[in-house]
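These are my notebook entries on the model, kept in the order in which I looked things up.

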Amino acid sequence: MTIWSFSADGYDGSLVRIEVDLRRGIPGVDIIGLPDSAVLESRDRIRAAIRNSGFEFPRERVLINLAPAGLRKEGASFDLALAAGILTASGGIKNIPDTEILIMGELMLSGEIRPVNGVLSAVSAAYSKGIKTIVVPSANTAEGSSLEGGSVFGISTLNALQNLFNNITDGKRSITPESEGDKYRAGENRIVDFADIRGLPVVKRALEIAAAGRHNLFLFGPPGGGKTMAARSLAGILPELSSEEAIEVTKIYSTAGLLPAEAGLMRQAPFREPHHSASEEGLIGGGRGIKPGEVSLAHHGVLFLDETPEFRKNLLQSLREPSEEGHVDLVRAGKVISFPADFQLVMAANPCPCGNLGKQDGICTCSKKEVMNYWKKIGGAMMDRIDIRVPVEPVDPAELTSENKENSNDVTEKIERAVRIQMKRFTGENYKRNARIAPSGIRTYCRLEQEAEAEFLNASRLLGLSSRACVSVLKTSRTIADLAGREGHVTTDDVFEAIQHRRYGERDFFWDKV
């Protein structure tokens, strides 16, 4: 039997082969292969767990090699694999199956097994290498069994390892009864229902378009107008993740240690809302162990930056590359680790530091320089990547008590129809949503009617749109047509609505508004 474990370094991680040798000498355990302190400490945990589980710890000198030797091994997920290697080498476990097995789990002194991070990534790596037998903690079985391609066994104690090996040798390849779980369990991420938003018809329409095409969105206006509430309602109208997207998102959350115990695939699109005091490691990723940041935790979902100008300028500018490339590369000590980061950016901001600029009956106490510095944090390059910009005006008090019959479920149905059109259209492409159309696909997928093309060219010259802004308008127009169920050419009305959502921030239109 060949025992493998897994090092969760980055999104994909690395498989680690466990080799155990018993030799004469003073009894003890030596672990080589660049183990960190947590792996070295496992010697004492393993010794106690083996004895407390009814096995006899070998009296020989134990040498454990973690291969490849040049890869840094971190964390306590190696405990169970190391214990299994020692027991099989010493004869403590009989009837050893003649196969390759991936084993993960953290041991307690009593022999109980705690859940670990990165199980889904480990299972994916094992299947790709041809390893079809996986042993994980019981709490991680639903997560591990989310992928097809092999057999995932869950155990909760070390002394259950013997029975498990007997079952594998006897050809029982199914999940053990003690480990069955809900493989599609996911947390509810709906924060605000559409029915709770009163007034703001333009804002709600912009949210529909943004959700349908995965377009970046910017909401601006005085405090108390409903920007934050509207942005949070976006979480409730996002369509469910596809199976491929769910696997990618779940792998990220598992690697970050944020996947709940006994949870399976995350079917709800993530909605992340970091505080403006977030560090660069927290937003982009990195730190000790190189964990995914908020841009990766928002993969296939929404990254919402409330009070955007309060974020540090360097943090905002660092979002430009991942928002376009769909991934973030972290370089640490000569090692490059990549995490997916295909997120939808939603920003909200006041018009000035005090919030009263442009507000009716409000008095702005900010100087022109303060206002300019406030907006310079976002910068023109970042704003140019925002497809939809919407002013949010305070709602008339009479509308606050009115009834809103359209809820999030109703809106989601419309968005899902538009998404299905896009999925069908982009069959064979490496993108699935309108906001991600490659430059080579603009002419193919964003065809305009003759009159619409003339109006588009005229508006582009009038507003002085950049090349990126022109492409943005075309993509948004395509999404508006999809929402209306038109799979053919984009009409003049589609173009006009897309330009209306884009016009703020081009030349002097934004400053006239605020």
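**Entry 1: helix α8.** I began with the buried residues of α8 and listed what they pack against: α3 (119–129), α4 (141–144), β11 (271–272), β13 (291–292), α10 (294–297) and β16 (335–340). The model is a predicted one, and I read every entry below with that in mind. The residues of α8 that count as buried are Glu245, Ala246, Val249, Thr250, Lys251, Ile252, Tyr253, Ser254 and Thr255. I then checked the length: α8 covers residues 243–256, 14 residues in total, and reaches 20 Å from its first C-alpha to its last, close to the 20 Å expected. Just past the end of the helix I noted Gly257, which takes a positive phi of about 75 degrees.

**Entry 2: the five-stranded sheet.** I traced an open sheet with the order β11-β14-β17-β10-β18 and found its pairing to be parallel. Its edge strands are β11 and β18 (388–391), each of which pairs on one side only. Within this sheet I looked at β14 (residues 302–305) and β17 (residues 344–349), which run parallel and are joined by four bridges. Leu303 stands opposite Leu345 of β17.

**Entry 3: nonpolar cores.** Which members of the largest nonpolar core touch the most other members? I found Leu102, Leu217, Phe218, Leu319 and Leu345, out of 115 residues in that core.

**Entry 4: the seven-stranded sheet.** I next traced an open sheet of seven strands in the order β3-β4-β2-β1-β5-β8-β9, with mixed pairing. The edges are β3 (28–32) and β9 (151–155), each pairing on one side only. From one strand to the next the twist averages 30 degrees. Strands β5 (residues 100–103) and β8 (residues 133–137) run parallel and are joined by three bridges. In this pair, Thr133 of β8 is the bridge partner of Ile101. I then asked what packs on the sheet. Helix α1 (residues 37–52) does so, touching β3 and β4 (61–67), and its direction makes about 150 degrees with that of β3. Helix α2 also packs on the sheet, touching β1 (2–7), β2 (14–23), β3, β4, β5, β8 and β9, and its direction makes about 35 degrees with that of β2.

**Entry 5: strand β4.** I looked at β4 on both sides. It pairs with β2 in the antiparallel sense over seven bridges, and Arg61 of β4 has Arg23 opposite. With β3 the pairing is parallel, over five bridges, and here Ile31 stands opposite Ile64 of β4. I sorted the residues of β4 by face: Val62, Ile64 and Leu66 make up the covered face, while Arg61, Leu63, Asn65 and Ala67 make up the uncovered one. The general rule is that in a regular strand the side chains alternate between the two faces of the sheet.

**Entry 6: helix α2.** I returned to α2 (residues 79–90), whose 12 residues reach 17 Å from first C-alpha to last, close to the 16 Å expected. Of these 12 residues, 10 are buried, so the helix is largely enclosed by the rest of the structure. The buried ones are Asp79, Leu80, Ala81, Leu82, Ala83, Ala84, Gly85, Ile86, Leu87 and Thr88. Gly91 follows α2 and has a positive phi, near 85 degrees.

**Entry 7: cysteines.** How many disulfides does the model contain? The count comes to zero, with a pair of sulfur atoms required to lie within 2.5 Å. The cysteine sulfur closest to that of Cys354 is in Cys352, at 3.5 Å, which is too far for a bond. For Cys366 the closest is in Cys354, at 3.6 Å, again too far.

**Entry 8: the whole protein.** I closed with totals. The protein has 21 helices and 18 strands, and its C-alpha trace spans about 85 × 50 × 45 Å along the principal axes. Buried residues make up 54% of the 514. Among contacts between residues at least 6 apart in sequence, 75% join residues at least 24 apart.

Terms used:
Residues are numbered from 1 along each chain as its sequence is written. This is a predicted model: local features need pLDDT of at least 70, side-chain atom pairs count only at pLDDT 80 or more; totals for chains, interfaces and linings use all residues. Side-chain values use heavy atoms; hydrogens and water are left out. Helices (H or I, at least four residues) and strands (E, at least two) are DSSP runs, numbered from the N terminus. The expected span of a helix is 1.5 Å times one less than its number of residues. Buried means under 20% relative accessible area, exposed over 50%, partly exposed in between (1.4 Å probe, protein chains only). A nonpolar core is a set of buried Ala, Val, Leu, Ile, Met, Phe, Trp, Tyr and Cys residues joined through side-chain atoms within 4.5 Å. Two strands pair if DSSP finds at least two bridges between them. Axes are lines fitted to C-alpha atoms, for helices over the stretch in contact, and angles run from 0 to 180 degrees between N-to-C directions. Contact means heavy atoms within 4.5 Å.
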